[in-house]
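User: Please take a close look at one part of this protein for someone who has not seen it before. Pick one residue and describe its surroundings.

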Amino acid sequence: FPVTIYYGKGGDILTVGVSNQYQEDGAGTQTGPGTFRGTTGDVLLEKVLPGGGVATFNGKYKNYGISGSKYASGCTVDSATGNCFTLFEGNAYDVSGMYLFPQKVGIGKFQPYLRYVNVAPNHTATQELYEGGINYIIDGHNAKIFSAYQYGDRLTNGGLNASQVMVGFQWQI
């Protein structure tokens, strides 16, 4: 689950991040360069609740574009190399919410979560993903076990809706 969280150890946290990248002739190919621009924003709110539970919200937005290139309107074969240039252009956002229960069960704590992902490329259909899962937090980012269910057409890059079940663990030393 790609969210940096602090499991309540940092107290109440609110972070906001914004970035913009721009590079002239930074996209495309040598025979068809284009100007690249990428803008992103991210908000993380983590609130320690009375009783010790921790509520977390994360939201991300991304917008990428290419201008001035013959490849700015989708995949086109480069006449010099025969390669197809593809770089994501469009908007994407991701929102998630989770709750870390304060009670320890065995050696860890349970943290259920919900997540929604929306990817809207400029040249293909919008894709969505719905995810629900539960983390078993043993030692923050150093040790956890998770299980999740995902559903949506993002799993097939905009094809038919599909679903999958995941089980995994993370262990860092």
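This is a predicted model: local features need pLDDT of at least 70, side-chain atom pairs count only at pLDDT 80 or more; totals for chains, interfaces and linings use all residues.

Analyst: Two strands count as paired if DSSP finds at least two bridges between them.

First, the setting. The protein has 0 helices and 10 strands. Of its 173 residues, 34% count as buried. Among contacts between residues at least 6 apart in sequence, 49% join residues at least 24 apart.

N118 belongs to strand β7, residues 109-121. Buried means under 20% relative accessible area; N118 has 10% relative accessibility and therefore counts as buried. The side chain of N118 makes a polar contact of 3.1 Å with the side chain of Y116. Beyond its neighbours within four places in sequence, N118 is in contact with N91, A92 and Y93, and also with T126, Q127 and E128.

A hairpin with 5 residues connects β7 to β8. Within this pairing, V117 stands opposite L129 of β8.

Strand β8 also pairs with strand β9, residues 143-152, in the antiparallel sense over 9 bridges. Here N135 stands opposite F146 of β9. The hairpin formed by β8 and β9 has 3 residues between the strands. In that turn, G140 has a positive phi of about 55°.

Technical notes. Residues are numbered from 1 along each chain as its sequence is written. Side-chain values use heavy atoms; hydrogens and water are left out. Helices (H or I, at least four residues) and strands (E, at least two) are DSSP runs, numbered from the N terminus. Buried means under 20% relative accessible area, exposed over 50%, partly exposed in between (1.4 Å probe, protein chains only). Contact means heavy atoms within 4.5 Å. A polar contact is a pair of N or O atoms within 3.5 Å; within protein, one must be able to donate a hydrogen and the other to accept it, and residues adjacent in sequence count only if both atoms are side-chain atoms.
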